[in-house]
Amino acid sequence: SSVRHLPSEQWAWLVLVSSFAVAGSFTLNVGLQHEQAAMVALIRNIDIVLAYGFDMVIFRHSFSAMSLLGGGLVVLATIGSGLFELLQQAGQYKKLRCESVGE
């Protein structure tokens with residue numbers, strides 16, 4: 001057969017991980033439909049922090065300083081760009097509000 005025989009425990013992990021991946025994709029799409037994209041991008045970076053945490057706790061892996069620095073830079077860059085987008089949108093909102101009031 002072309003499918004490799006896996007122990008039932010590994011199949012259970014495979015189904016569990018796949019289910020969470022589908023659920024995460026679904027909730028991301030719903031979030032993008034109901035919230036500003038910048039806010040969703042900020043929240044989306046939680047998966048990087050959780051991946052590091054799960055890797056350390058569940059799989060007992062240790063990370064090098066460069067690995068943690070890289071993950072931190074990705075999170076900081078995304079938070080920075082998301083905050084910049086939110087501030088831009090807030091500025092445009094204020095500008096539109098002032099123009100409509102006549103100030």
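Mentor: A helix here is a DSSP run of H or I at least four residues long, a strand is a run of E at least two long, and both are numbered from the N terminus. By that rule the chain has four helices and zero strands, and its elements run α-α-α-α from the N terminus on. Residues are numbered from 1 along each chain as its sequence is written, and side-chain values use heavy atoms, with hydrogens and water left out. This is a predicted model, in which local features need a pLDDT of at least 70 and side-chain atom pairs count only at pLDDT 80 or more, while totals for chains, interfaces and linings use all residues.

Trainee: How do you know which helix of the chain has the highest confidence and which the lowest?

Mentor: We compare pLDDT, the predictor's confidence in each residue from 0 to 100. Helix α1 (residues 8-34) has the highest mean, 89, whereas helix α2 (residues 37-44) has the lowest, 74. The average over the chain is 80, and 85% of the residues score at least 70.

Trainee: Why is Ile58 called partly exposed?

Mentor: Buried means under 20% relative accessible area, exposed means over 50%, and partly exposed is what lies in between, using a 1.4 Å probe and protein chains only. Ile58, in the loop between α3 and α4 (65-101), has a relative accessible area of 45%, so it is partly exposed. Gln36, placed in the loop between α1 and α2, is also given as partly exposed, at 38%.

Trainee: What makes Leu76 exposed?

Mentor: Leu76, which lies in helix α4, has a relative accessible area of 57%, and therefore counts as exposed. Over the chain, buried residues make up 9% of the 103 residues.

Trainee: Which residues is Gln36 in contact with, leaving aside its neighbours within four places in sequence?

Mentor: Contact means heavy atoms within 4.5 Å, and the partners of Gln36 are Leu86 and Gln89. Leu86 is 50 residues from Gln36 in sequence, yet their C-alpha atoms are 8.6 Å apart.

Trainee: What makes a group of residues a nonpolar patch, and which helix supplies the largest share here?

Mentor: Patch residues have over 30% relative accessible area and no salt bridge; like charges are joined within 9 Å, and nonpolar side chains (Val, Leu, Ile, Met, Phe, Trp, Tyr) within 5 Å. The patch on this surface includes Met39, Ile43, Phe54 and Ile58, and its residues have about 870 Å² of accessible area together, areas being found by the Shrake-Rupley method with a 1.4 Å probe, where for residues only the protein chains shown count as cover. Both α2 and α3 (46-57) supply at least two residues each, and the largest share, five residues, comes from α3.

Trainee: How do you know that Asp55 has no salt bridge?

Mentor: A salt bridge needs a side-chain nitrogen of Lys or Arg within 4 Å of a carboxyl oxygen of Asp or Glu. Lys and Arg count as positive and Asp and Glu as negative, while His and the chain ends are not counted. Asp55, in helix α3, is buried, and the nearest side chain of opposite charge, that of Arg60, is 11 Å away. Asp55 does touch Arg60, His61 and Phe63, not counting residues up to four places away in sequence.

Trainee: What is the phi of Arg60?

Mentor: Arg60 has a positive phi of about 55° and is not a glycine. Most residues other than glycine have a negative phi. Arg60 belongs to the loop between α3 and α4, and its relative accessibility is 72%, so it counts as exposed.
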